[in-house]
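Please look through the sequence and the model shown below before reading on.

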Amino acid sequence: MLALNARNRGRFSFQSWLAVHRASILGRKGLSFKTLLLLAWLLIKDKETLKKLWHRPRLTLAISISSCLGSIGWFSAMSLTAVPYVKTLGQVEVFFMMLISSLWLKQRVKVKDMGGLVLIVLAAVLVLWG
């Protein structure tokens, strides 16, 4: 969908903008549905967590907005290029999560986790290579 021919290399085409718009609508609908399901589950199973969220509205709103923007970014990226490339890039998140947990939170990385990280890197290289 992304028009990258010799004349307009690097610019979005109108079709690309439509794809991003459709992706954001789809993402909003999906997030709304998941939010309602989670709210219902919390009301039934874990009211204490719901109360904690209610008492910290600024933090809850900040996390919700950043999550929503991230989801719109995922949907947009998947509508603009091949899904395997986007999912492969997303695996970098696991690496940074482990890096933050070990450096900032001072948690030890288990051998099992390191093995999983090696497999993720190997899979990413194979996707990009093939």
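## Confidence in the model

What is the mean pLDDT of the protein chain, and what share of its residues reach 70 or more? The mean pLDDT (the predictor's confidence in each residue, from 0 to 100) is 80, and 88% of the residues reach 70 or more. This is a predicted model, in which local features need pLDDT of at least 70 and side-chain atom pairs count only at pLDDT 80 or more, while totals for chains, interfaces and linings use all residues. Residues are numbered from 1 along each chain as its sequence is written, and side-chain values use heavy atoms, with hydrogens and water left out.

Where pLDDT is low, the predicted coordinates should not be read in detail.

## Helices H4 and H6

The axes of helix H4 (residues 83-90) and helix H6 (residues 111-129) come within 10 Å and cross at roughly 155°, and H4 and H6 are therefore roughly antiparallel to each other (angles over 145 degrees count as such). Pro84, Tyr85 and Thr88 of H4 make the contact with Ala124, Val127 and Leu128 of H6.

## Ser101

Ser101 is found in helix H5 (residues 92-103) and is buried, with a relative accessible area of 16% (buried means under 20%). Not counting residues up to four places away in sequence, Ser101 touches Lys106 and Gln107.

Key. Axes are lines fitted to C-alpha atoms, for helices over the stretch in contact, and angles run from 0 to 180 degrees between N-to-C directions. Helices (H or I, at least four residues) and strands (E, at least two) are DSSP runs, numbered from the N terminus. Angles under 35 degrees count as roughly parallel, over 145 as roughly antiparallel, 65 to 115 as roughly perpendicular and the rest as oblique. Contact means heavy atoms within 4.5 Å. Buried means under 20% relative accessible area, exposed over 50%, partly exposed in between (1.4 Å probe, protein chains only).
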